[in-house]
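Have the structure open as you read.

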Amino acid sequence: MTVRTAELLTAIICALCSIGLMLKANELNIGWIDGRGPGSGAWPFWLSAGMLFASLLTMFRWFIGATPESRSTELFITRDRLMIVSISAGSILFLLVATHLVGIYVALVLFLLFYLRFVGRHTWLLTTILMIGIPVFVFCLFEWALKIPLPKSFTEPMFYPIYDLMYS
Amino acid sequence: MESILTLLSAGILEALEPLNFGMILLGCTIGLLVGAMPGLGSVNGVAILLPITFLVPPTAAIIFLAAIYYGAMYGGAISSITLGIPGASTAVATVFDGRPLAQAGKADKALTAAAIASFIGGTISIVLFTLFAPPLAAFALKFGPPEEFALMVLAFATFIGLGGDDIPKTIFSILIGLVLATVGLDIISGQPRLIFGDISGFLHGVNFLVLAIGIYGIGEMLWTLETTKGEVTVHKVKMSIKAMIDNFRDVKSYIGTTTLGSTIGYFVGTLPAAGATPASLMSYGLAKTFSKDPESFGKGNISGVAAPEAANNAASTGSMLPMITLGIPGSPTTAILLGGMIIWGLRPGPLLFTEHPDFVWGLIGSLYIANFVAVVINIAFIPIFVRVLTLPFTILAPTIYILCIVGGYAPTQTMHDVWLMFLFGVVGYLLRKLNYPVAPAVLAIVLGPLAERSLRQSLLASQGDMFTFVERPISGVCIFLALVLVSYPLIKNFRARRSAKAASQS
């Protein structure tokens, strides 16, 4: 896919999203309510209408070739760059899914193991130190200092002895 | 005048009492750390630590929280520069030039400039706060909803006029930010709005941090990985005493823009509707406009770091003015401070000055001390923060992802927001590849609820007459300036074409 195609495609998707938002806002009152002012859908409706207008303008500018992107026939993303980006995005996706399944701390350990050892090719020593150190740091900062409990899924009972220490 | 000096010196002495001074030291250090963390800003730090301040008297408590606020304003610049992620929305503008400077190996220069500019901004604004509190409060009181809305229109117009990006794409970015801000319960009617797919997570709205961390955390990292192919790991950072002294000498080059930015930041900060974020963006825009070399902005101009940093510190002081004098918070952080004051049994408002002068002047005195303490701690720790960049990318990137995810979870504590943040990160990265500016969307989602409320209140008061924004003098001036800003690139474009035509004909 060239940058030129991506530009048009994105503008079309943006325009469709705008129409979708307009329809969604239209479920509420987008007109004037006597004594209460504009309905709750009015502001998002007209904003979405503006988004649609801006997207149409981008499409128009694509046709007349006004933007540098609309004239560029380079590849939108090369294969090797796509690989790098998808490894990163994929590993975050994995981290989020794993958080739901096994809780954030186990997920963090697995995520770090993958990223440090298999992507970064760091030594086992460094990998192990960070694999344990970062989750411990996150725990101390968020759970202990800032009192924000992070999702732990079924690993929650393993933290009971630490809670006893923290809150006793 | 004399009475102000007497009260002020009493306040400063109060702030120097061992307990209060200890609170300033602790607050500034925590503030710096919280501010430096992507996703956690002054508002999170203040909200989370408010309950523990009940251990100390109200004066010490507010001094502690104000010191966090102050420290976080300094700290926000640290992550904006070293990581390219704003530590809080107030440091968004610092990324524009802070990031290129760090990439060029001048992170130490940018950090020193940010610290010094913050100090200048802090000092100027505290002096203004002390001297001009009563007349300014009276002026800000005149601002009704139409003026608030007009001011926000002006803030968005600066993006179109001075942003230098593709105009339809900039408009799209602003509007999508504003639309995202409307998700959730309608502030006026209480109706649920734009609840996509009936997912209950949308009921509490889209937190601006979710968009900001998504775009500037995950999106930025993906962008960096792609452009560097993950190969460039270290931005070369040279740190030495000599370089430090040289960095201090740079002050000359940005003293003018910082003074201007501080003054603007202070005034914008006092307005309840605006605050540190638009103030820093306005200050950035003005620094660019008045610069002899506007082309270098966004590519690593030191004034582009100094101007927003001076303004956001000045605005944080400014936002305390309506809180103390009128009982109206000037920012989300001061709203929490205000809530604290009510719990401590103090009634915010003009009477505070007469009923609890020790509290008010203790707070004002502590601002002078906190400003000094924050700059010292900040500069002392620069070498440590700069060292963050010497980490290999395969260590830095996962660490940042983790901070983003945990930071995105912290404000609302739902996984829904973390998923949304990830989505925004990927979409933001793709849009950025096509030259869609992302900063306006982040600004818009922050200002969105305020903009909508002031628009609807104005229209309700005027019975739907849109001319209310033009007829009132203050808002009329704002709208006029906004129109000038919006038409500026069109006129410039037209003239450029005409001169190109003339050149081709001759």
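Helix α2 of chain A (residues 42-63) packs against helix α8 of chain B (residues 167-182) at an angle of about 155°, their axes 9 Å apart. That makes α2(A) roughly antiparallel to α8(B) (over 145 degrees). The crossing of these two, α2(A) and α8(B), is left-handed. On the α2(A) side the contact (heavy atoms within 4.5 Å) includes Trp43(A), Leu47(A), Met51(A) and Arg61(A), and on the α8(B) side Phe172(B), Leu175(B) and Val179(B) are among the residues involved.

This is a predicted model: local features need pLDDT of at least 70, side-chain atom pairs count only at pLDDT 80 or more, and totals for chains, interfaces and linings use all residues. Residues are numbered from 1 along each chain as its sequence is written, chains are lettered from A and ligands numbered from 1 in the order written, and side-chain values use heavy atoms, with hydrogens and water left out.

Within chain A, helix α5 (residues 104-119) and helix α6 (residues 124-145) pack at about 145°, with axes 9 Å apart. Here α5(A) passes α6(A) in a right-handed crossing. Tyr105(A) and Leu112(A) of α5(A) are among the contact residues, as are Trp124(A) and Phe139(A) of α6(A).

| Helix pair | Angle | Axis separation |
|---|---|---|
| α2(A) and α8(B) | about 155° | 9 Å |
| α5(A) and α6(A) | about 145° | 9 Å |

Last stop, Val92(B): it sits in helix α5 (residues 92-103) of chain B. Val92(B) is buried, at 3% relative accessible area (buried means under 20%, with a 1.4 Å probe and protein chains only). Its C-alpha atom is 9.9 Å from that of Glu309(B), 217 residues apart along the chain.

Technical notes:
Helix = DSSP H or I, 4+ residues; strand = E, 2+ residues; numbered from the N terminus. Buried < 20%, exposed > 50% of the residue type's maximum accessible area, 1.4 Å probe, protein only. Axes fitted to C-alpha atoms, helices over the stretch in contact; angles between N-to-C directions. Left-handed = near helix turned anticlockwise from the far one by under 90°. Parallel < 35°, antiparallel > 145°, perpendicular 65-115°, else oblique.
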